[in-house]
Each structure stands twice: as C-alpha cells, then as structure tokens.
Amino acid sequence: MNWEVAVEAVLLGAALAMDAVAASVALAAAGRWTFNPRRMLITAGLFGLFQCLMPLIGFYGSSWAGSLVESYGKYIAGLLLIAIGSKMFSDGESNKKLRFSLQQLLLLALATSLDALLVGVSFSFQRRTSIWLDAVIIGFVTALLAWLGCVTGRWSGKLLGKNCTWPGALVLVLLGLKIIIFS
C-alpha cells in the first residue's frame with residue numbers, strides 16, 4: 001500500500017467515524033460517573049470493530065448487501081439511533097443512573113457503521129482486489145476518534161452535571177433524523 005492510499009484510508013476513516021464520535025460524546029456525557037476508562041475502551045473498540053467489519057461485509061457481500069442497505073439501511077440506522085436517544089432521555093428524566101448494556105452498545109455501533117457497509121460495496125465496484133488494510137485503518141481511526149469522544153464527553157458531563165443527559169439524548173435523536181431525512 002502506497003502512502004496516498006493510506007492517507008485516503010485515514011481520511012475515509014475519519015469521515016466515517018463522525019457518527020460514532022457524536023454517539024461516544026453523548027454516551028460518555030450522560031453516563032459521566034459510570035463511564036470509566038474500561039468502558040471508554042469497550043465503547044471505542046466496538047465502534048472501531050464495526051467500522052472495520054462493515055466495509056469488508058459490503059465488499060465481499062456486495063451482490064446482496066448493496067441493494068439491501070441502499071434501500072433500508074438509512075431507516076434502520078436512523079430508527080436505532082432515535083430509539084437509543086429516546087431511552088437515554090427517558091432514563092435521564094427519571095433520574096436513573098445511565099448505564100448502557102453491551103447489547104445497546106452493539107446496536108449503536110451497528111447503527112453508526114452502516115454507511116461503512118456502502119463504502120465496502122463501492123470498493124467492490126472499483127474492482128479493488130483487497131480492502132483488508134483499508135478496513136483495519138478505518139477501524140483504528142474510528143476507535144481512536146471514538147475514544148477521544150468518550151474522553152471529551154466524560155469531561156463535559158462532569159462539568160455540566162445532570163443537565164447534559166438531555167443534550168446527549170438529543171444528539172442521538174437528531175443524528176437519527178439526519179440519517180433518515182438527508183441520507
């Protein structure tokens with residue numbers, strides 16, 4: 001892999017990571033006291049893993065995945081983000097201590113990585129022979145940026161206190177609506 005292709009993969013990874021970063025900031029801000037370094041690594045790792053796997057799935061399964069995701073992917077991703085944001089808002093209103101289960105984190109990682117599936121499909125249309133290194137770079141960049149999002153969110157959550165639960169929920173709901181309406 002030459003340096004131009006590596007730079008392209010890093011930039012693509014950063015672009016694909018933006019939904020995961022926004023979700024990481026929102027989760028960490030809302031769960032500021034329970035979002036310890038281990039939880040931040042798990043969250044960032046899941047976002048990175050899904051962003052790494054989705055282009056591979058799109059690339060190797062482009063014949064069926066491309067049309068399916070193109071037709072329904074934005075609705076699935078948007079509705080998952082809206083549902084998670086709504087749950088976060090209702091938990092915040094009831095003053096529950098916010099904790100997200102592994103299942104919820106997996107759904108969030110899936111919802112924020114569906115666009116990466118289409119990147120894999122587009123790679124197959126470019127007749128690329130392999131995208132393994134691209135996928136690893138995309139996953140690593142996403143994990144790094146998501147971890148930074150967790151750190152930022154946890155810091156801002158502690159600074160703002162319980163008042164940051166609803167903005168975090170609002171970010172996820174608006175992100176879901178943006179995906180449904182503008183994608």
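Modeller: A term to begin with: helices here are DSSP runs of H or I with at least four residues, and strands are runs of E with at least two. Note also that this is a predicted model.

Biologist: Fine. How many helices and strands does the chain have?

Modeller: The chain has six helices and zero strands. From the N terminus on, the order is α-α-α-α-α-α.

Biologist: What share of the residues is buried?

Modeller: Of the 183 residues in the chain, 50% are buried. The chain exposes about 9,400 Å², and 70% of that comes from carbon and sulfur atoms.

Biologist: Which residues have the most contacts inside the largest nonpolar core?

Modeller: Leu-27, Phe-35, Phe-47, Met-54, Leu-81, Leu-108 and Leu-172, in a core of 38 residues. The elements that supply two or more residues to this core are α1 (3-30), α2 (37-60), α3 (62-93), α4 (102-125), α5 (132-160) and α6 (165-182).

Biologist: Take Leu-81. What is it in contact with, leaving aside neighbours within four places in sequence?

Modeller: Leu-81 is in contact with Leu-108, Ala-111, Thr-112, Leu-172, Val-173, Leu-175, Gly-176 and Ile-179.

Biologist: Switching to helix packing. At what angle do α2 and α4 pack?

Modeller: About 35 degrees, and their axes are 6 Å apart. The crossing of α2 and α4 is right-handed.

Biologist: How do the residues of that contact between α2 and α4 divide?

Modeller: Into 18 nonpolar, seven polar and one charged.

Conventions: Residues numbered from 1 in each chain as written. Predicted model: local features only at pLDDT ≥ 70, side-chain atom pairs only at ≥ 80, totals over all residues. Heavy atoms only, no water. Core = buried A, V, L, I, M, F, W, Y, C linked by side-chain atoms within 4.5 Å. Buried < 20%, exposed > 50% of the residue type's maximum accessible area, 1.4 Å probe, protein only. Contact = heavy atoms within 4.5 Å. Axes fitted to C-alpha atoms, helices over the stretch in contact; angles between N-to-C directions. Left-handed = near helix turned anticlockwise from the far one by under 90°. Nonpolar A, V, L, I, M, F, W, Y, C, P; charged D, E, K, R; others polar. Areas by Shrake-Rupley, 256 points an atom, 1.4 Å probe, with all protein chains shown as cover.
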